[in-house]
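Please read the following briefing alongside the sequence and the coordinates.

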Amino acid sequence: MNELLRQLLFLPEQRSSLAREIDGLHYFVIGVTMGGAVLITLIGGYFLLRYRRRIQDTARPHAGTVARPALFLETVSLFGLGFLFLTFWNIGTRQFVDLRTAPDDALDVYVTGKQWMWKFGYPEGESEISVLYVPVRRPVRLIMTSRDVIHSFFVPEFRIKQDVLPGRYTTAWFEASQPGAYPILCTEYCGTSHSGMRGQVIALDPADYERWLAGGAASTPAFAQEAAARAEEQFAAAQPTMPARGEHAAARHGCLRCHTLDGTQHVGPTWAGLYRSVVPLEDGGERVADEVYITESIMDPLAVLHRGFPAVMPSYLGQITPPDIAAMIELMKSIRDVPHGPVVPWDGGVSGGGAPAPGGVRP
Ligand SMILES: [Cu+2]
């Protein structure tokens with residue numbers, strides 16, 4: 001019955017612990033309103049036929065005699081409606097409370113909406129863009145905020161939808177019931193690429209989830225890797241500008257663990273104001289940070305050391321595609337004018353009065 005109604009109403013699969021119950025209320029409301037509409041149509045039709053004015057009736061004086069419907073009918077309708085209202089209200093309130101209150105043992109994930117992407121931060125320190133990895137049969141609480149305008153986080157299969165607001169935190173929770181990849185949509189119009197602001201929730205078996213925690217996306221099952229690749233494509237399509245794609249690439253390759261975009265110093269030199277600046281080198285020389293220098297610094301970091309910085313940056317030779325490098329260079333160009341202090345090595349504390357993690361990505 002549930003399955004039949006679900007398909008009749010073109011609802012997506014029910015893949016969270018609360019989905020079925022929420023659909024139950026949905027079926028009930030639709031059933032009652034359809035039933036009511038049919039009933040009124042039938043009664044109307046009956047009256048139409050029964051009290052149709054015939055030619056011979058015109059002679060009879062009708063006016064002034066209004067038939068009183070039976071008191072019984074009035075009472076039944078009134079109580080019936082009151083009862084229906086209370087039933088809806090009772091089920092609705094219970095479900096609302098269930099949806100609002102996450103279980104105590106929920107796993108917390110921080111969600112940031114931004115034109116036009118979703119970022120997910122895990123308490124363990126991991127962070128992801130577009131893809132939210134969760135274990136199945138374990139409640140997950142989303143603590144959400146926006147960096148720019150109002151967005152709305154919607155996962156149809158889980159039946160959760162929650163507005164995400166700048167300057168404020170909202171929460172939602174779900175418990176995925178089956179492993180799989182479930183699309184995330186933004187359902188609050190947020191600008192030109194609103195329709196492209198998508199992502200995937202990838203629900204994994206607990207064992208697979210542990211493997212992901214330890215080994216990253218490469219150690220997840222095939223379906224998850226496909227979904228992540230799909231999310232990646234959607235992400236690229238939704239980013240109209242190269243700097244935005246560059247920021248994504250930088251986050252994905254872990255560059256932002258050491259470099260910042262906002263001018264604060266961290267393990268490596270900040271990228272703010274880097275492009276076309278004069279970089280003092282460890283060997284005493286100087287270089288202008290143009291495309292060549294930047295590319296060289298990424299492929300062979302030890303060949304050209306920024307003076308005073310430790311030689312800790314790994315080589316990315318063969319690991320980053322040319323489009324990603326181009327996008328990152330465009331990103332650096334876009335933050336040429338971001339104010340920053342002297343480019344000196346980070347002393348390990350929080351100096352310069354800023355959080356070391358830019359873009360919501362944890363170091
Ligand atoms: Cu949005």
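Pro12 lies in the loop between helix H1 (2-8) and helix H2 (19-50), where helices (H or I, at least four residues) and strands (E, at least two) are DSSP runs numbered from the N terminus. The model is predicted, with local features needing pLDDT of at least 70 and side-chain atom pairs counting only at pLDDT 80 or more, while totals for chains, interfaces and linings use all residues. Residues are numbered from 1 along each chain as its sequence is written.

**Surroundings of Pro12**
- Pro12 counts as partly exposed because it has 14 C-beta neighbours inside 10 Å, the class between buried (20 or more other C-beta atoms within 10 Å of its own) and exposed (12 or fewer), with C-beta atoms placed from the backbone.
- Apart from its neighbours within four places in sequence, Pro12 is in contact with Pro156 and Glu157, contact being C-beta atoms, placed from the backbone, that lie within 7 Å.
- Although Pro12 and Glu157 are 145 residues apart in sequence, their C-alpha atoms are 5.7 Å apart in space.

**The sheet**
- An open sheet of mixed pairing is formed by 5 strands in the order S4-S10-S9-S6-S7, two strands being paired if DSSP finds at least two bridges between them.
- Its edge strands, S4 (131-135) and S7 (160-164), each pair on one side only.
- S4 and strand S10 (residues 198-204) run parallel and are joined by 5 bridges, with Pro135 standing opposite Leu204 in S10.

**Helices on the sheet**
- Helix H4 (residues 206-215) lies across S4 and S10 and runs at about 130° to S4; axes are lines fitted to C-alpha atoms, for helices over the stretch in contact, and angles run from 0 to 180 degrees between N-to-C directions.
- Helix H5 (residues 222-238) packs on the sheet, where it touches S4, strand S9 (180-186) and S10, and its direction makes about 165° with that of S10.

Definitions and conventions. Contact = placed C-beta atoms within 7 Å.
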